[in-house]
Protein chains: 2
Amino acid sequence: MEKIFYPVDKERMEELLGSPWLEIEETTRQVRDIIREVSESGDQALYNYTARFDGVKLDNLKVGDGEIKTAYQEIDSSLLRAIKKAVKKIAAYHQKQLQQSWFNYDQGGMTGQLINPLERVGLYIPGGRAAYPSTVLMTALPARLAGVKEIVAVSPANKEGKIPAPTLVAMGEAGVDEIYKIGGAQAVAALACGTETIKKVDKIAGPGNIYVTLAKKFLYGMVDIDMLAGPSEVLILADGTASSRFIAADLLSQAEHDPLARSILITTEQRLIEETEKELEKQLSVLSRKDIAGASLQDRGLLIRVENLEVGMELVNRFAPEHLE
Amino acid sequence: MEKIFYPVDKERMEELLGSPWLEIEETTRQVRDIIREVSESGDQALYNYTARFDGVKLDNLKVGDGEIKTAYQEIDSSLLRAIKKAVKKIAAYHQKQLQQSWFNYDQGGMTGQLINPLERVGLYIPGGRAAYPSTVLMTALPARLAGVKEIVAVSPANKEGKIPAPTLVAMGEAGVDEIYKIGGAQAVAALACGTETIKKVDKIAGPGNIYVTLAKKFLYGMVDIDMLAGPSEVLILADGTASSRFIAADLLSQAEHDPLARSILITTEQRLIEETEKELEKQLSVLSRKDIAGASLQDRGLLIRVENLEVGMELVNRFAPEHLE
């Protein structure tokens, strides 16, 4: 991991902060070709890309009711309880975000804002390297609470042609209406353009890898999108009272998502940097996804020492990380 | 103008509704090159592009206080009164949209949403073919009400190297902090990437032509944007009680913006279609911008007769026009 002492290494810090969002021309071209192929060849393109990129020959794009029932039988009852508990908590949170229509008659006419749910939205749920039931809940529940009529989820199949059981159960609990076993730029293209099997949606939400993100960017305008989610980031700002064991675990929790993920510790304490390094080494060695997490820490991890917490907070604001602790 | 009887001409209607948002590869390449040039050569690129695209050699990018004072002297007092009145009304509207932070402690921890203003935003105010003081007010006032610290506006200079006086006065009244005489993709690039003179912003808002829109799309991710605004659209849904004189005037009010603007009348009355056509011809003949408005009506205008208003409303929902009357 790169170590920086700020403001001594100010120049290097500015370089890191100023680095462009993405260097992506070649990938953009690939994504554009995939989108064109899906918009022209529909389902057939989806079968072909799934065979090529996900390494599995699908019989059906759509997940059947039987598969969802099986998923419920496959997971532990403790996991089902955890998902149900999360549904309640996440729904309670998003309930507070609901907006209200309003009308005003005091300006010699009527002004106002009419808040209506979208008809049909598509959720991109990442897969491949791991299962993300939490992403299902955090994207589907706001849509359901908003009153969206049709909630469609896509997620890549594994080598057995299945979406992992925890993900399917989360979709069942969150009230997803249709599920398709596709991922990558081709799945985003199917949601935006429609195919024989998949009716196109009004908006696409949910995070993904660089192909998914660039496909969302490319199709934005034809379809609405939530945002462009970059690779995962976590930034921990810590003073001397923090536990290096917890810091290391939380840095790894994002590093294990993606070799491009960025995990950053900013602290006033040189001691904490050294202890965290040792903890990272220890915890990494027993991590099942140590190759990914190790690559991420090696290439993109940052350990930053600052003179005081105020300077640390300035850096936090400039990084504006996805996750901040 | 193309005439359609729906649902008899259903196939043609679907073609119009399904047409892709933009066919843009060549333009995207041009925009990408402009962005690259501005990010590499800064101010010099802005001077060069302004000379090339806007046909004017600027001495300064920034509008000085003297120019704003002069603009106030140049406009009629009735226009100043109208702008001041609009400021009050538009501010009263956006005041109602302000969001509040909230915090919740009933889930065994704290959850919530912290609403903070952005530090610095850039407003793109179109120019060239016309002056848009209303765009200034409708973009700057929400930013000011939200508490944005630095509001920067860009707008292309005319052949005399000036931003039109009504636009400058609107900027003065809306509380814009910095004004630059640049437009097009190069102005969007300057706001997103920064130059020697222009500090980069957190978000870019405001409509523009296809170059501006594609530049916003390209830079989205490095900078936040409000939305991708297409060419202007107006759709009027009318029953037999509507005045063809008003309909024609309102169709022209968008047609005159851009040859790519789209003006649509949907009505149950064949008579109203014929009367509107005559009115359009009459009003167009005395319009100062009749070349643009005429091209827009000719190539993109639609007169649609429907069996009943319910069918009309279905079409309205599918078009989802920018302006609906």
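The model is predicted: local features need pLDDT of at least 70, side-chain atom pairs count only at pLDDT 80 or more, and totals for chains, interfaces and linings use all residues. Residues are numbered from 1 along each chain as its sequence is written, chains are lettered from A in the order in which they are written, and side-chain values use heavy atoms, without hydrogens and water.

**Chain relation**
- Chain B superposes on chain A by a rotation of 180° with 0.0 Å of shift along the axis, at RMSD 0.1 Å (least squares on C-alpha atoms of residues with pLDDT of at least 70 in both copies).
- The two copies are thus related as by a two-fold rotation axis.
- B:Lys217 has the C-alpha nearest the axis in chain B, 3.8 Å from it.
- Of the contact residues of chain B, 100% recur in chain A (contact: heavy atoms within 4.5 Å).

**Sheet in chain B**
- Five strands form an open sheet in the order S6-S5-S4-S7-S8, with parallel pairing (strands are DSSP E runs of at least two residues, helices H or I runs of at least four, numbered from the N terminus; pairing needs at least two DSSP bridges).
- Its edge strands are S6 (178-180) and S8 (224-225) of chain B.
- B:Lys203 has B:Asp224 as its bridge partner in S8(B).

**A:Asp258**
- A:Asp258 lies in the loop between helix H10 (244-255) and strand S10 (262-267) of chain A.
- Its relative accessibility is 14%, so A:Asp258 counts as buried (under 20% relative accessible area, 1.4 Å probe, protein chains only).
- Beyond neighbours within four places in sequence, A:Asp258 is in contact with A:Arg129, A:Pro231, A:Ile292 and A:Ser296.

Conventions: Buried means under 20% relative accessible area, exposed over 50%, partly exposed in between (1.4 Å probe, protein chains only).
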